[in-house]
Amino acid sequence: MMGFGKRISFATRCFFSVLSRGELPEEIAPEVVRGLSPPVRAPEPTPAPAPPSAPTPPPVEDSTDRAVQLLALLQRDGRLVDFFREDLTPYQDEQIGAAVRELHANCRQSLEQYVRLEPILDGEEDQPVTVDAGFDPASVKLVGNVKGQPPLRGLLRHRGWRVSEINLPSLSPQGTGRAVVAPAEVEIQ
Amino acid sequence: MDTRFIVGIDLGTTNSAFAQFDTAAPEEEARIVVESIPQLTNPNEVEERTLLPSFLYVPGELDFPKGALALPWDREPQLFAGELARKRGAESPTRLVASAKSWLSYAAVNRTSPILPWGAPEEVRKLSPVEASAEYLGHLRQAWDARVDAKKNPELALGAQQILLTVPASFDEEARELTLRAAETAGLRHVTLLEEPQAAFYAWIDAQGEAWRKRIKVGDLILVCDIGGGTTDFSLITVSEEGGELSLRRVAVGEHILLGGDNMDLALARLLQQRLEGEGHRVDTWQLQSLWHQCRLAKEKLFAEPKSQKQPVTLLGKGSKLVGGTVKTELRREDLERVLTDGFFPVVGREEMPARQRRIGFQELGLPYAADPAVTKHLARFLSQQASAGDESGTIRRSPSGFACPTHVLFNGGVMKAGILRERVARVLDSWLQAEGFEPLGARGVLDAPDLDHAVARGAAYYGRAKRGRGVRIRSGAARTYYIGIESAMPAIPGMPAPLKALCVVPFGMEEGTEARIPGREFGLVVGEPAEFRFLSSNVRRQDEIGSLAEDWGDEIEELSPLEVTLDLDGKEDTVLPVSLETRVTEVGTLEVWCVSREGRRWKLELNIREKDEE
């Protein structure tokens, strides 16, 4: 049987708890009511074991880091960002054309190295094509006189692009240049 | 020794490669395989390529973010080789080591002392040409070891395999010795040296299979014309018969000529730079680099498309004026013809010799690049030099004037990928052959060599197999004549150096694995004291026999570093011991010179490689 002092203490606490809240105090209830499971106690904080000398975990990644990285790669290999930031209005088509040919070749090579793209719908443009039932509207967009249920016959106007493989290099460690698209360049004389 | 892998390594001036043969692979699958070499191509990017650009970059703290240079075998390398080294080196040249191989053969500098990057500021860590070469070999070794997991399988480590390492045929004993030291430093223990033109020929034999015996016959003379990024190297191989089988012998080797594809690309870039400047545009050094790279690409396109007459070359504007600062010019076919074909491979008569090498202080230029860029003139000189060559085999096909007349030519090296240049050289050779009364080479006379980028590495692996008895071997032997300097016994004239005579100790062509005693001469050496022998070589005089004495040789004989020895004989210090000399050409591709006492005690002389004073 429970000790006398304890009975007095519990009884008092139960009295005031039921009077004010309409319920027994949580930690006392299992001891005075049969059939209740003991409360789960917050475990004592045990001292954390020294982490094993494992390789440092990969840095926490933000999805914007990868977006910046792709821009940075196209800038590094093809100067794409410089191109978009420049105002082209003062220049003749020939001047622009000369630069663009060079840019095109470099950016294309860079993109091919890191991102593999494949068409979503195979087939020649402007040729008839069938869109099957259950197609994904994010992958295939219907235009024109859209009516009826798939399978639908139409003409292929754009084959679409999907990434089949993406191989980006690892990101630099946390905090170092993650927002850098192109480093500033200083020539030392 | 029979290791599992036979590995051929091409340590090139501009690019290195390696190929292996796995003796454990089943017969039907067994073939020579070119290895892929992981290397840094960009910060944070390691990719595999079959070529490792022979460039080293020594990064400072300000170059790359931390951790950006991690390699599979080293997370924070102090320096690195390969594609990124070359790229970054173009932007920041004070930290770039390039052409280490050319420095390895340049006796006017101390090749074991840290001098590269040449002209770099104080704070840049420097390496010797030997250390730099060791770094490239070390990179290959670490890449290999990582792939085979050498820690768990030490018998598969590259250091435990049989290595065939190529050197230019024109490398003298010093440069060969230094190459071996670099290999040893890199952890490669079983190394044999092989000459690059021979490796190219082995690659041809391997590609032909058994059909090679039908392409050439007894009496043929094959010229190997190897023009890479940094050097031009000529060799002659004869075909004779032994015991009913075709037998090959390397009989002549040209001089080491520092002239190659890099000179050619730079010449094109300079032409376009002048063209742009003539139109009022400024081209600074940074843009010249870009122009150089673009010229190379435009050149390759023009070579690949014989119908096109020009290729645009565009230099994008710097900074934010990408389009605004764009200048466009073009590389025309006539530029290639004028600068490359006619500039570097002019049609010349066989008597036209290259301009003499000017002795400009090397501090200004760095390496002693060839004074005359005409490769065909250097070829003419090489073939005419055969007139004075010794002819122990009697099978070098010559005209009455002594000019060597090859029956076949094998091209090697990156430059010779261009069909137009191969045709030009073949045509020039034909004109010489016809002038001397022989048939032209024709289509049969040009041996087709596939895969010029990797031929030397493949050929070296083939040679490794041939040494084990699986394949045909080219007999070579000493590529130069070597001498000991003997000071004349004439009384000394104050102020004048005593005249020197050259005692031939290794005749040209002395076969691998043979030894010879120098007859009729003894030298009295003081026991316990270091003795020095002056050591010289010639790649022109090939008739000198062992023991013969040469005087007044003009510039036909060059002095190398001295040979040194200290006789240790307990209890006999300070006495004078008479010794004779013995020389040996080793299987590994080096020379050994020994002192032998009358009782048969032997001491090996060591090459004490030193700087040579430029005149």
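Student: Where is Asp574(B) found?

Tutor: Asp574(B) sits in the loop between β27 (563-566) and β28 (576-585) of chain B. The labels follow one rule: helices (H or I, at least four residues) and strands (E, at least two) are DSSP runs, numbered from the N terminus. This is a predicted model, in which local features need pLDDT of at least 70, side-chain atom pairs count only at pLDDT 80 or more, and totals for chains, interfaces and linings use all residues. Residues are numbered from 1 along each chain as its sequence is written, while chains are lettered from A and ligands numbered from 1 in the order in which they are written.

Student: Is Asp574(B) buried or exposed?

Tutor: Count neighbours. A residue is buried if 20 or more other C-beta atoms lie within 10 Å of its own, exposed if 12 or fewer, and partly exposed in between, with C-beta atoms placed from the backbone. Asp574(B) counts as exposed because it has 8 C-beta neighbours inside 10 Å.

Student: What is its phi?

Tutor: Asp574(B) has a positive phi of about 75°, although it is not a glycine. Asp451(B) is not a glycine either, and its phi is positive, about 55°. Look for Asp451(B) in the loop between β18 (446-447) and α13 (455-467) of chain B. Asp451(B) is partly exposed, because 13 other C-beta atoms lie within 10 Å.

Student: How do I read confidence? What is the mean pLDDT of chain B?

Tutor: pLDDT is the predictor's confidence in each residue, from 0 to 100. The mean for chain B is 88, and 96% of its residues reach 70 or more. The model as such scores ipTM 0.73 and pTM 0.83.

Student: Where does pLDDT stay under 50?

Tutor: Look at residues 360-365 of chain B, where pLDDT stays under 50. Where pLDDT is low, the predicted coordinates should not be read in detail. For residues 360-365 of chain B, the model has 4 contacts beyond four places in sequence. Two residues are in contact if their C-beta atoms, placed from the backbone, lie within 7 Å.

Student: How many helices and strands are in chain B?

Tutor: Chain B has 13 helices and 30 strands. Its C-alpha atoms fill a box of roughly 85 × 65 × 65 Å along the principal axes. Of its 615 residues, 45% are buried. Among its contacts between residues at least 6 apart in sequence, 70% join residues at least 24 apart.

Student: And which elements does chain A have?

Tutor: Chain A has 5 helices and 4 strands. From the N terminus on, they run α-α-α-α-α-β-β-β-β. Buried residues make up 8% of its 189 residues. Among its contacts between residues at least 6 apart in sequence, 62% join residues at least 24 apart.

Student: How many residues does each chain give to the contact between them?

Tutor: Chain A gives 19 residues and chain B gives 15. On the side of chain A that touches chain B, α4 (80-85) and α5 (93-114) each supply at least two residues. Helix α5(A) gives the most to that side, with 6 residues.

Student: Which domains does the assignment give for chain B?

Tutor: Domain bounds come from an automatic or database domain assignment. For chain B it gives domain 1 (5-194), domain 2 (215-259 + 351-471), domain 3 (261-344) and domain 4 (481-607). The centres of domain 3 and domain 4 of chain B are 53 Å apart, taken over C-alpha atoms.

Student: How many residues does the largest nonpolar core have?

Tutor: A nonpolar core is a set of buried Ala, Val, Leu, Ile, Met, Phe, Trp, Tyr and Cys residues joined through C-beta atoms within 7 Å. The largest has 172 residues. Those with the most contacts inside it are Ala200(B), Phe201(B), Leu410(B), Ala461(B) and Val505(B). Helix α3 (residues 129-148) of chain B gives the most to this core, with 8 residues. Leaving aside neighbours within four places in sequence, Ala200(B) contacts several residues, including Val224(B), Asp226(B), Leu410(B) and Ala449(B).

Student: Where are there cis peptide bonds?

Tutor: One joins Pro150(A) and Pro151(A), with omega about 10°. Pro151(A) is in the loop between β2 (128-131) and β3 (152-155) of chain A. Another joins Leu116(B) and Pro117(B), with omega about 0°. Pro117(B) is in the loop between α2 (100-104) and α3 of chain B.
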